[in-house]
Amino acid sequence: KIINYFNPVNQADLLVSYLMAMEFVHDLKVTPNSARLNRLKDKPKEFFEKSSTLLQHLREHNPVDYIKWAERVETNFSEEECNHSSRNLGSLDTFRFEADIFLDEAIQLLEKRKWSDALELAEIRLPGRKKDTIAHTFWLQQDRTRLWLWQWVEAASRLGQMSEDIRLEVENLDLDIMNHQDIIQLYTKDWWSMDQLHRNFTALSERYQSIQSDLHIKAFIEIRGSLHTLYRDCIDRQSYLWNSICENSGFLPPEPLQQRQFFNNWVKPILATKKKTALLFVDALRYELGQQLVKELQTVCATLSIHNMLAELPTITAVGMNALIPVVKDSGLTPLFDKKDGIIGFQGGERQVRNPMERQKTLQDYAGTETSWISLSDFLKLTEKSMKKHVTRNLLVLTALDIDTMGESGALGFGIDYFETGIARLKTAVIRLKEKGYEEFIITADHGFLLGDESLEISRAPKLSNVERRHAFDTYRNSESLISAKLLH
């Protein structure tokens, strides 16, 4: 075969091939294990800098042509010339195989549970992190599959590291000197972040699987399962710790932490100021989602604070939502029972509080002001005209059930990222209400939830009615995964 080297196209191929080889060799941290490449190592520094400048222009402005040329040159490299570890490679990914070496190594580090090392690689390789040059992120920018896998590697590293740190911390706690407030402080200071990391990791796992890629898929599945098991073990240890504290100190925490005191502690003092107040009851807004909501509202609200209460037992909507209404009497609650469903609400003075309508009437009685009550979904659909009858009231109550539907009921038909949508909807409601003159906002939840995954074990408790739920009414019995609490309060 005769090649016409005077053909402009062939001359361009030769020039670009030379520039790529020059950049690759000078970026290496070791001497090339090839005689032909080694000859380029002795070229003056100006040759390398000029080569890299020209190639950078190609990567930025002609990525399709750059990929075509890079693949041609790479196929002419021998196996020895491509055989490097990430420690030998520099900061410029001239060829795709260089990017592959870093990704392969990151996956291997995750398999060995070397979380910090894997995280360091991810932070270096992902766009917008520790390095600014496009040369080390070019192949990610051209390949969504690899970009999403690197983002998953970062999330996996963070979750693995934090799960192990918290598990070790739990193991070293002294139960004899701990109470409810101690463990709440541990959770609200650091531990809640692990739940957020797990949600993010789960979302990125679902996203990567959605593209049905075979890239590292076997290792991906094994690492995902291993991390879910690690996280599950950590939250199980937290649960055993909490149960032990409750057995020692009682299941009812001090009054400032009691959910039944929500109206007296938080709503009543604000209503006394006569300011227009919006009260948002968000079903299953767990603590880490509350933290995310606070972050989202920082650009909207001048003063923000987040506080904690402990959900009434059992932690179900019928208990939590009704306990948020003023139904407490002499510090106690009088539950209402149904033979089929168990607790369905509470006796609130002369009223029974079991459903939204009864909650609305009872709340209005105690608030001493006209109250409007509407679901978040309906509120967001209101026109300016139809909104008027609601926003004229000094107390407006919004109820949001979608997070609970997605989380507690397992109806993740819209994907786990729907929680982000739920947060955005709450932010939109706050913005619209501020425009209508509302000055105070109280956002609360009835309970939280844990995300299920393949590590979740069922039927661990002794046979009980409704054992698939968080609670069951039965005779007193305890086991490794079951604890009994008396209805004393």
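Predicted model: local features only at pLDDT ≥ 70, side-chain atom pairs only at ≥ 80, totals over all residues.

User: Okay, how many helices and strands does the chain have?

Analyst: The chain has 19 helices and seven strands.

User: And what are its spans along the principal axes?

Analyst: The C-alpha trace spans about 100 × 60 × 35 Å. The radius of gyration of the chain is 30 Å, while a compact globule of 489 residues would have one near 23 Å.

User: How much of the chain is buried?

Analyst: Of its 489 residues, 46% count as buried. As for contacts with a separation of 6 or more, 71% of them come from residues 24 or more positions apart.

User: Let's zoom in on helix α17. Which of its residues are buried?

Analyst: Helix α17 covers residues 384-391, and its buried residues are M387, H390 and V391. Looking down the axis of α17, you'd find these buried residues within an arc of 80 degrees, so they line one face of the helix.

User: What's on the other side of α17?

Analyst: There you find K385, K388 and K389, which are exposed.

User: New topic: aromatic rings. How many pairs does the structure hold?

Analyst: It holds 18 aromatic pairs. In one of them, the ring centres of Y66 and W139 are 6.3 Å apart and the planes are at 50 degrees, so this pair is tilted.

User: Where do Y66 and W139 lie?

Analyst: Y66 is in helix α4 (residues 63-75) and W139 is in helix α8 (residues 138-141), so the pair ties together parts 73 residues apart in sequence. Both Y66 and W139 are buried.

User: What about F95 and F97, why is that pair called stacked?

Analyst: Their ring planes are at 10 degrees, with the centres 5.9 Å apart, so the pair is stacked. The cut-off is that planes under 30 degrees apart count as stacked.

User: Which charged residue sits over the ring of W148?

Analyst: That's R144, whose charged end is 4.6 Å from the centre of the W148 ring. Elsewhere, K276 lies over the face of Y438, at 4.3 Å from the ring centre.

User: Okay, strands now. Is β3 mostly covered or mostly open?

Analyst: Strand β3 (residues 342-348) is mostly covered, with five of its seven residues buried.

User: How does β2 run relative to β3?

Analyst: Strand β2 (residues 335-338) and β3 run antiparallel, joined by four bridges. A hairpin connects β2 to β3 through three residues, and F337 stands opposite I343 in β3.

User: And how does β3 pair with β4?

Analyst: β3 and strand β4 (residues 351-353) also pair in the antiparallel sense, over three bridges. Here F346 stands opposite V353 in β4.

User: What's G349 doing in that hairpin?

Analyst: The hairpin of β3 and β4 has two residues between the strands, and G349 takes a positive phi near 65 degrees in this hairpin.

Technical notes. Residues numbered from 1 in each chain as written. Heavy atoms only, no water. Buried < 20%, exposed > 50% of the residue type's maximum accessible area, 1.4 Å probe, protein only. Arc of directions from axis to C-beta. Phe/Tyr/Trp six-rings, centres within 6.5 Å; stacked < 30°, edge-to-face > 60°. Lys NZ or Arg CZ within 6 Å of the ring centre and 35° of its normal. Pairing = 2+ DSSP bridges. Rg over C-alpha atoms; globule rule 2.2 N^0.38 Å. Contact = heavy atoms within 4.5 Å.
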